Amino acid sequence: MTGYELKNELGGGLLPLKPDKRDVRFGSLFSLPSLEELPKEFFIPALEIKNQGNSDKCAAYAASALAEIQDEILLSPDYTFAKGKQLTGDSESWGLTLRDICRAAIKWGFLAQEDDPKNLPRDGSQISTELDNKAAYFKKESYLAVKGQYDLMDDIRATLWANLENKQAILTGCLWRSVWTRTSGGIIPKFNLDKEGFGHAFAIVGWKEIAGEIYLIAQLSNGTDIGDKGYFYFPRSIVNKEFSYGCYVFNDMPAFEVKNRGWSWGRRAFEIVKNYLAEILM
């Protein structure tokens, strides 16, 4: 398969993310290490590099990659995508946001790949209770926005290192340029001349030094025939400018505690009133 064929066949599916004041920043709850503490290179290997084909399920594939690393079991991205569509209530539209898929991971969890019947509907509401119960074993407690005191590149690196013991990779994405698919060794160029592209989600699993500069390591879900056997390397200039579709990490702190510690009293009061009104107006 050539790079030009890949231009048309590489699946994406990541939708732009609107700011939401309910997002809690990792750096507001936990201390990030100093940049001097970070090693020269760091890498969390994947259990498997998957291939989403030309589907719109990249957010689910990327989130499943995070969960696979932590739980050390292969998971079904199709299940996670379907539950994300159940959450949004629109199974026919193209793609999902990162926040959609994070919320689905908190509400339903992830299904082991061995339990996937291989014919899962796109609408998650049609999935059996039995499968939902199995997926609940791999629920995530909460998700946090990757944001601290550094630029985005170093916030990501520091958050990865802060979560070293928990093996937590990071979920993010950007407007993927077709020319990147054909880059030698998966090294993304520092400057973009191509303004066209499509939203694509992926997992950040570390960083490495290339020609004396630090690059983030992205694990994609488009097979091992592109990049560096499925991995791509992003320079600081592209990370800070282009990673505008959100950046999240799963966390073991219960969601209610995250909200209690991360929301202001005004936000907590607003959400209580909003939820109360939603219930009485149903």
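Author: One definition to begin with: Ala, Val, Leu, Ile, Met, Phe, Trp, Tyr, Cys and Pro count as nonpolar, Asp, Glu, Lys and Arg as charged, and the others, Gly among them, as polar. This is a predicted model, in which local features need pLDDT of at least 70 and side-chain atom pairs count only at pLDDT 80 or more, while totals for chains, interfaces and linings use all residues. Residues are numbered from 1 along each chain as its sequence is written, and side-chain values use heavy atoms, with hydrogens and water left out.

Reader: Okay, how do the residues lining the largest cavity divide?

Author: Its lining has 5 nonpolar, 3 polar and 3 charged residues, among them Glu48, Tyr61 and Ser221. A cavity here is a set of points on a 1 Å grid over the protein atoms alone where a 1.4 Å probe fits but cannot get out, and lining residues have an atom within 4 Å of a point.

Reader: And which helix gives the largest share of that lining?

Author: Helix 3 (residues 58-71) does, with 5 residues; helices are DSSP runs of H or I with at least four residues, numbered from the N terminus.

Reader: Switching to helix 4, which residues are buried there?

Author: Pro77, Tyr79, Thr80, Phe81, Ala82, Lys83, Gly84 and Lys85 are buried in helix 4, where buried means under 20% relative accessible area with a 1.4 Å probe, protein chains only.

Reader: What do they pack against?

Author: The buried residues of helix 4 pack against helix 3, helix 5 (98-107) and helix 6 (129-135).

Reader: What follows helix 4?

Author: Gly89 does, and its phi is positive, near 75°.

How values were computed. 1 Å grid on protein atoms, 1.4 Å probe; cavity = no way out; pocket = protein on both sides within 12 Å on 5 of 7 lines; lining within 4 Å. Helix = DSSP H or I, 4+ residues; strand = E, 2+ residues; numbered from the N terminus. Buried < 20%, exposed > 50% of the residue type's maximum accessible area, 1.4 Å probe, protein only. Contact = heavy atoms within 4.5 Å.
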